Amino acid sequence: MEKQQRYDAIVIGSGQGGVPLAAALAAKEVKTAIIEMDAVGGTCINSGCTPTKTMIASARNAYQVSRSARYGVTGVPHSFTVDMARVRARKRDIVTMFRSGSERRLADTANLTLLRGTASFLDSRSISVRDGEGRTSTIHADRIFINTGTRTAIPDIEGLASVPYLTNSSIMELDSVPDHLIVVGGGYIGVEFAQMFRRFGARVSIVHHGASLLSREDRDLSDELASILRSDGIDIILEAEPVSVTSGTQITLNLRSSGGDRSIAGTHILLAAGRTPNSDLLQLEAAGIGADRRGNVIVNDRLETTVDGIWALGDVKGGPAFTHISYDDYRIIMRNLYGDGKGTTLGRMVPYTVFTDPQIGRIGMSEAEARAAGLNIRVAKLPMDWVARALELDETSGFMKAVVDAQSGMILGFSMIGIDAGEVAGAVQIAMMGKLPYTALRDATYSHPTLIESLNNLFSTLPEPSLE
């Protein structure tokens, strides 16, 4: 006889929104079940933020060894090797530490039960859970929260099914450096892995459909990143669409590009051309839950789905796919259930950092977005080779740029490609949250020598705001 159980709440998925949400509900003495089909912690801990940034740190160290002579450090071997097995072991150790912490938190929380298996809706209040041995159970609750995340989107390329391709998860399990890595996709994931493996010693080629990398960014920032990657020795092929792929002694990717048809051969191929929501196994139609054509669960600004009593949070709902956004989704839901009821995604600031070297940090509107909106703006821009701290560190690639309202002087957006860009962007975000005009940052006294003091010079390039 099939096992059935009733709960007050069910959370499907144990990502960076699902775990704190389940724990917070349980703390309210809400009998809660959290369902996980794979590893606790979701993409961030297991195949996203934690492992990639751990490996990027290893690549950064290899890069610094290679340029040590520039700092007057001699005697460092000009020829060194990267032990990918050790890099992988370090990554695995940190992932295990983070994941086990999440598992302990779930296990130690009263009123909370972790169920292992694949969830699917039977109706709007009932979930079937199928475990790894094929056994099913049914659970019921009046509140259900979907936090199932995304996975690598597999592009429609002829012959791909017979090629041993890599994804963001499997590439981090390699125990040796590829001879030649082909990266399909020039977005955030693609450029991070491309630079990482180039610094590990691989030959790397990026194939991207767009006219520039990182399509969300201003063209000057994208072009600067491309210049940096090319200086690392990465081949970048833009405006190119993969048509077919074959595998033999090498993997050959056939392209249709603006310059005509061509082929590129490598030993490994990484698919990094987008993500797809993990909603296809949920049987959303059984509950009447709406989804868009890509499978993103449709929600309103309160993260409510089209069915009363069911919410979605994190990447599965589409929109900005960042861990900190998933966590803020959890806070919005809890605020609406147990707080003042004013939680909303409307007007939410969405900061993010791309962990290339140097980093890209963003908050607010880009210059292109502000101009497209017809806003009256002024733009401040400062190259990193005008920043004293960057010169001292010999980290002068990139620039910082701010977009401000011409009348009020309020900061509309900030972008930076440069050393520790994410930290500097965070400081500007705090000013934006406090509704400070750019003159407050221009006139502030910062410690010297720091990167943040460059905001004095950045905003000094602008005239006084006009309050007419």
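Mentor: In this predicted model, the count of aromatic pairs comes to six.

Trainee: Why is the pair of F322 and Y352 called stacked?

Mentor: The ring centres of F322 and Y352 are 5.1 Å apart, and a pair needs centres within 6.5 Å. Their planes stand at 10 degrees, and planes under 30 degrees apart count as stacked. The pair is therefore stacked.

Trainee: What makes F322 and Y352 a pair that ties together parts of the chain?

Mentor: F322 lies in the loop between β18 (310–312) and α8 (323–338), whereas Y352 is in strand β19 (residues 352–354). The pair therefore ties together parts that are 30 residues apart in sequence.

Trainee: Why is the pair of Y327 and Y330 called edge-to-face?

Mentor: Their centres are 5.1 Å apart, with 65 degrees between the planes. Planes over 60 degrees apart count as edge-to-face, so that is the name for this pair. Y327 and Y330 are three residues apart in helix α8, and so are separated by about one helical turn.

Trainee: How do you know whether Y330 is buried or exposed?

Mentor: Y330 has 14% relative accessibility, and buried means under 20%, so Y330 counts as buried. Y327 has a relative accessible area of 37%. That value falls between 20% and 50%, so Y327 is partly exposed.

Trainee: How do you know that the charged end of R199 sits over a ring, and which ring is that?

Mentor: The ring is that of Y63, and the charged end of R199 is 3.5 Å from its centre. The distance cut-off is within 6 Å. K381 lies over the face of F399, at 4.3 Å from the ring centre.

Definitions and conventions
Residues numbered from 1 in each chain as written. Predicted model: local features only at pLDDT ≥ 70, side-chain atom pairs only at ≥ 80, totals over all residues. Heavy atoms only, no water. Helix = DSSP H or I, 4+ residues; strand = E, 2+ residues; numbered from the N terminus. Buried < 20%, exposed > 50% of the residue type's maximum accessible area, 1.4 Å probe, protein only. Lys NZ or Arg CZ within 6 Å of the ring centre and 35° of its normal.
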